[in-house]
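Please look at the sequence and the structure before reading on.

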Amino acid sequence: MISSSWGAPAAFTKGFDLQHLTDGLYGRHLHVYSWPDGELKQTLDLGDTGLIPLETRFLHDPSKDTGYVGCALTSNMVRFFKTRDGSWSHEVAISVKPLKVQNWILPEMPGLITDFLISLDDRFLYFANWLHGDVRQYNIEDPKNPVLVGQVWVGGLIQKGSPVEAMTEDGKTWQSDVPEIQGHRLRGGPQMIQLSLDGKRLYVTNSLFSAWDRQFYPELVEKGSHMLQIDVNTEEGGLKTNPNFFVDFGAEPDGPSLAHEMRYPGGDCTSDIWT
């Protein structure tokens, strides 16, 4: 079993503070345990390229000793793998560069990779950049060398109409084109994702953690979350927002709600509850 290390509850429950990072209250390690006895066998230090590792996923093929961890703050997808001597090692497989921005709290904005998953056939890896606002699809048939094959913008801090603008190297500003779905402007950024067993329907919600939602997307707390469907091209790769699917959690009987995890009753690509 391999576990990650988000951070100390005393830090992340209050929202994000850079000082907490300096104080060592956020993680940068993976922990390898024997299973099921739970003995700690090895600790991997991901260094400055692996700050705030969150989700870990193995390839589904049980014969493959490799998987990935999404490192939120540094926005890197790190591959971990077993070596010939039986120990575990790691390397950065995908890196999302921070954007130079204006009218934000910092001069650069990380993508903030929050959730990711791997298709059941181990061909594609998907992840969400919560702050940038895009969902990406990579071909990982060569696990060492992922290839970007799909990308769609479904929210984020740099969408058109936002006060925050991204800047190119030559100083020009730009904002992402985010579609309205059934007349609704998309709030927040893509966060949790879930994929159907056939790999064709990717669902997305937008709440990370209430304290962080309130800090980065206050409108999300006021108006509630939503759930979207992204249609997937499973042959060549490609993502497209489904215009006919929109679940509005702002209209709940007891007021706006924040949506997070999703599950398929018959099984999905992150829970082996199916047979």
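## Terms and basis

Two strands pair if DSSP finds at least two bridges between them. Strands (E, at least two residues) and helices (H or I, at least four) are DSSP runs, numbered from the N terminus. The model is predicted, so local features need pLDDT of at least 70, side-chain atom pairs count only at pLDDT 80 or more, and totals for chains, interfaces and linings use all residues. Residues are numbered from 1 along each chain as its sequence is written, and side-chain values use heavy atoms, leaving out hydrogens and water.

## The four-stranded sheet

Four strands form an open sheet in the order E10-E11-E12-E13, with antiparallel pairing. E10 (113–118) and E13 (147–153) are the edge strands; each has a single partner strand, so one side of each lacks a neighbour in the sheet.

Strand E12 (residues 134–139) pairs with E13 over six bridges in the antiparallel sense. Tyr 138 has Leu 148 in E13 as its bridge partner.

## Strands E1 to E3

E1 (residues 2–3) runs antiparallel to E2 and is joined to E2 by two bridges. Ser 3 has His 31 in E2 as its bridge partner. Five bridges join E2 to the antiparallel strand E3 (residues 40–45), and Leu 30 stands opposite Leu 44 in E3. E2 and E3 form a hairpin with six residues between them, and Gly 38 in the turn has a positive phi of about 80 degrees.

## Helix H2

Leu 18 lies in helix H2 (residues 18–22). With 42% relative accessibility, Leu 18 counts as partly exposed, a class between buried (under 20% relative accessible area) and exposed (over 50%), using a 1.4 Å probe and protein chains only.
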